[in-house]
Amino acid sequence: MKEFHELEKKWQKKWEKDKIFKTKESGKKYYVLEMFPYPSGFGLHMGHAFNYSIGDAYARFKRLNGFNVLYPMGYDAFGLPAENAAIKDNIHPKEYTDKSIKNFINQQKRLGLSYDWDKLIKTCDPEYYKWNQWIFLKFLENGLAYRAKAPVNWCDKCGTVLANEQVEDGECWRCHSKVQVKQLEQWFLRITKYADELLNYLEKLNKWDDRIKIMQKNWIGRSEGVEIDFKLRGFNENLKVFTTRPDTLWGVSFVVMAPESPKVMELIKGTKYEDKVKEFIDKVVLEERHERTSEEKDKEGIFIGKYVINPVTNEEVPVYIANFVLLEYGTGAVMAVPAHDQRDFEFAKKYKLPIKVVIKPEEHELDASKMMRAYTQEGVIINSYKKFNGLDNFDAKEKIMDYFEEKKFGKRSVQYKLRDWLVSRQRYWGTPIPIIYCEKCGMVESEIPVLLPNDVKFTGHGNPLANHEKFHKVKCPKCKKDARRETDTMDTFFDSSWYFLRFIDNKNDKAMFDKDKIKKWMPVDTYIGGAEHAVMHLLYARFFVKAFRDMKLLNFNEPFVHLFNQGTINKDGIRMSKSKGNIVDPMETIVKYGADTLRTYLLFTGAADKTKEWDDEAIDGIYRFLKRVYSFRDKVKVKSNKKDKVLESKLNKSIREITEDMENFRFNLAISKLMQLANFMQTNKENISLKVFEDSLKKMLIMLSCFAPHICEELYEGDYVSTANWPKADEKKIDKKLEEDEAKIDTLVDDLNNIIKIVKEKDKAVSKGFVYVIPKELEVYNSGVEEISKRTNLEIQIFAVNDTKRIDPEKRAFKAKPGKPAIYLE
Ligand SMILES: [Zn+2]
Ligand SMILES: [Zn+2]
């Protein structure tokens, strides 16, 4: 509708000109934030539009309720797609990103979102990423950043490291040669220092969905057990093995290391096993980790030619690597007890390794050669140290660990699945890590900012920064001799781990933020985004806040009080995606219906946190509803004020309920109540006095403006509806009885009209309606007789009947029930 487009653009311009959404200096604060987007070259997709419609509705609601709302937008602007575009299409990542951001902003403005655009941040701006560098150096000073070897996907032909998403079926996305695993010195952040706190504080996040908390808990993966030293035969060192089953140490028949463990490469170097093992590693490491470790997956492994000595038995057992062990777990090496672990059992059967029973059930013996699966339940210890034989294995656990510690075989240990966060990326489009390597002084902190050079060639060969001499050939800041600048850049999750803090003070060039401002605005009161960020982003952001707190940069424990995860939007039963070809484009939808319709529609169909199916009929329905609201600007001739009281009652009841719905993110319910209200006003407008109609309309528009702000601005008399005061329910005006009576008449009219329709289909004409009601309700129906007549086009007569009384000349019995009149038509 052309009219909607014009008025939408008109109000968007006015809002921008008058800066009505600018964050204020005073007032009770409320911080609403959506997970900021990666500005893809494709522009907004429907998931974005949905996410922002939720955030905007809530931000507007809070603003209307008198809060000083901070509602900012920014762009997670570094990342791989821009660099891939540079290699493929020869467009500079900066140019690609700037263009994409511009497009995003235009589209977001077209949606009528009430952001304070003065708060805008782009993570690829030096004004932003220099603070990444500042934080990095702070982490380094505080022992939270360090260097260590870690495996990367390596393409020999391109001479470059590949991200997992650049590896397709084990091949390089660009040149299709086989990808290898290479161990590189890389940077890590010590998130594991906060593992316990990250876990324990989950309990306090009572406005987070349990699903997310469980995912974080599993990701952190805390387990208590013991770390045992197995001596490496032929080496003067130990292999540390973690186990939660110290009671089975006497049954170990081999040890398994994670294939990506840097130690494995050391152990096989120059041996006859080297080639085969390396081939196995290359294959396994590229496999999806969930798949690799799933129970159904075939257990695969390979002997690496080494043996370790079991400290309790002095037996030599072989060392394998296998797909089911991840470096992330424990020490990256596990002991295998096939008799008492199903995974080990399957592996032992496949590779013909010994199975030794050390726990047996109370009532019978176990024969290792006849076992069909591992015995994992509680039982009696056998074939172990004499002091423990005969004891219950669960009860004896503590005693056994005491014994190990006493004998110095190992020590109690708590292990986490959570590993330190590898933040190095061997790519251009990210924050340069501010470190210089000098032969004399070693690792030296660089001055910041370290800016990304612009004159870079994107060939796909190697890291562009490593190929850029002017960038990496530098003088040592300490001794002024020739030195080399770090060419790794930071993982973009670094950028998004603190951006919510920068919004508060985005123009500060003296510090990353002003502590007092942070104190005032943080934590984020409501954070809205997809559940797919349950672990990485949300865990990293929590880690940063805790680390900042310990560096005395801020004074709270958790960044996000309330987390809301929106559902996904399906079409034809599956999630909308470009590859599936089932996309509905938000901008095309706006062209067809306007932004108000799209926004209201997205929040109307189903609960906002549930998966929903795109529904063309429902969007038409919303469009008609908004057109009805828009028609309220046409004045009508008022005939009576009969419906004033009912409308006032309905209005105030709606205000009470909608306020609650909004507070609890039940937008669909709020919208359907607004629709009912609009319908009532439309149907009864001739019988509502002008004053009551206008007052009701005004209040309805304020509420509706959370969803359809443009139409509401257009109809609202006075200043901006966007800065009005949310209406308060006047409980005195809510008249339950009156509304019930009203509902009775509505139901009767509907019933009559349904019957008339059926009768007319049989080609019979009717002109009279006889309605039989219980005596108590006679007055109610009588008072509406005129209206019923009008809405059915019948001459209506209403009678009171007792249950027993028979009336009607044709001797038919009519039985009326409370609220359910009997009907007879002529
Ligand atoms: Zn390649
Ligand atoms: Zn030096």
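## Zinc sites, charges and rings in a predicted model

Trp 131 and Trp 134 both belong to helix α5 (residues 126-141), where they are three residues apart, about one turn of the helix. Helices here are DSSP runs of H or I with at least four residues, strands are DSSP runs of E with at least two, and both are numbered from the N terminus. This is a predicted model, in which local features need pLDDT of at least 70 and side-chain atom pairs count only at pLDDT 80 or more, while totals for chains, interfaces and linings use all residues. Residues are numbered from 1 along each chain as its sequence is written, chains are lettered from A and ligands numbered from 1 in the order in which they are written, and side-chain values use heavy atoms, with hydrogens and water left out.

### Aromatic rings

The structure holds 64 aromatic pairs. Rings of Phe, Tyr and Trp (its six-membered ring) pair if their centres lie within 6.5 Å; planes under 30 degrees apart count as stacked, over 60 as edge-to-face and the rest as tilted. Trp 131 and Trp 134 make an edge-to-face pair, with 6.1 Å from centre to centre and 70 degrees between the planes. Trp 131 has 7% relative accessibility and so counts as buried, whereas Trp 134, at 27%, is partly exposed. Buried means under 20% relative accessible area, exposed means over 50%, and partly exposed lies in between (1.4 Å probe, protein chains only).

Tyr 428 and Trp 429 form a stacked pair, with centres 6.0 Å apart and planes at 20 degrees. Both of these residues are buried. One aromatic cluster is made up of Tyr 30, Tyr 58, Phe 61, Phe 67, Phe 564, Phe 665, Phe 667, Phe 707 and Trp 726.

Charges also sit over rings, which requires NZ of Lys or CZ of Arg within 6 Å of the ring centre and within 35 degrees of the ring normal. The charged end of Lys 204 is over the ring of Tyr 201, at 4.4 Å from its centre. Arg 485 lies over the face of Phe 471, 5.6 Å from the ring centre.

### Zinc ions

Donors are N, O and S atoms within 2.8 Å of the metal (3.2 Å for Na, K and Ca); water is not among the atoms, so sites may look incomplete.

| Zinc ion | Protein donors | Distance from the ion |
|---|---|---|
| ligand 1 | Cys 155 (SG), Cys 158 (SG), Cys 172 (SG), Cys 175 (SG) | 2.2 to 2.4 Å |
| ligand 2 | Cys 438 (SG), Cys 441 (SG), Cys 476 (SG), Cys 479 (SG) | 2.2 to 2.3 Å |

Around the zinc ion (ligand 1), the four donor atoms subtend angles of 99 to 117 degrees, so the arrangement is tetrahedral. Four donors count as tetrahedral if all angles lie between 85 and 135 degrees; four count as square planar and six as octahedral if opposite donors are over 155 degrees apart and all others between 65 and 115; anything else is irregular. The donors of this ion have the spacing C-x2-C-x13-C-x2-C along the chain. Cys 158 is in the loop between β5 (145-155) and β6 (160-162) and Cys 172 is in strand β8 (residues 171-172), so the pair ties together parts 14 residues apart in sequence. Cys 158 and Cys 172 are both buried.

The site of the zinc ion (ligand 2) is tetrahedral, with angles of 103 to 112 degrees among its four donor atoms. Its donor residues are spaced C-x2-C-x34-C-x2-C in sequence. Cys 438 lies in strand β21 (residues 435-438) and Cys 476 in the loop between β23 (473-475) and β24 (482-485), so this pair ties together parts that are 38 residues apart in sequence. Cys 438 counts as buried at 7% relative accessibility, as does Cys 476 at 1%.

The structure holds zero disulfides, a disulfide being a pair of cysteine sulfur atoms within 2.5 Å. Cys 712 is in no disulfide, and the nearest cysteine sulfur, that of Cys 706, is 8.7 Å away. Cys 712 is buried, at 0% relative accessibility.

### Salt bridges

Side chains of opposite charge can pair when their charged atoms come close. The structure holds 63 salt bridges, each being a side-chain nitrogen of Lys or Arg within 4 Å of a carboxyl oxygen of Asp or Glu. In one of them, Lys 299 meets Glu 346 at 3.6 Å, N to O. This pair links distant parts of the chain, 47 residues apart: Lys 299 is in the loop between α10 (289-292) and β13 (301-309), and Glu 346 is in helix α11 (residues 342-350). Lys 299 is buried at 6% relative accessibility, whereas Glu 346 is partly exposed at 33%.

Asp 367 and Lys 370 form another salt bridge, their closest N and O atoms being 3.7 Å apart. Asp 367 is partly exposed, at 37%, and Lys 370 is exposed, at 64%. A network of salt bridges links Glu 197, Arg 542, Lys 546, Arg 549, Asp 550 and Glu 558.
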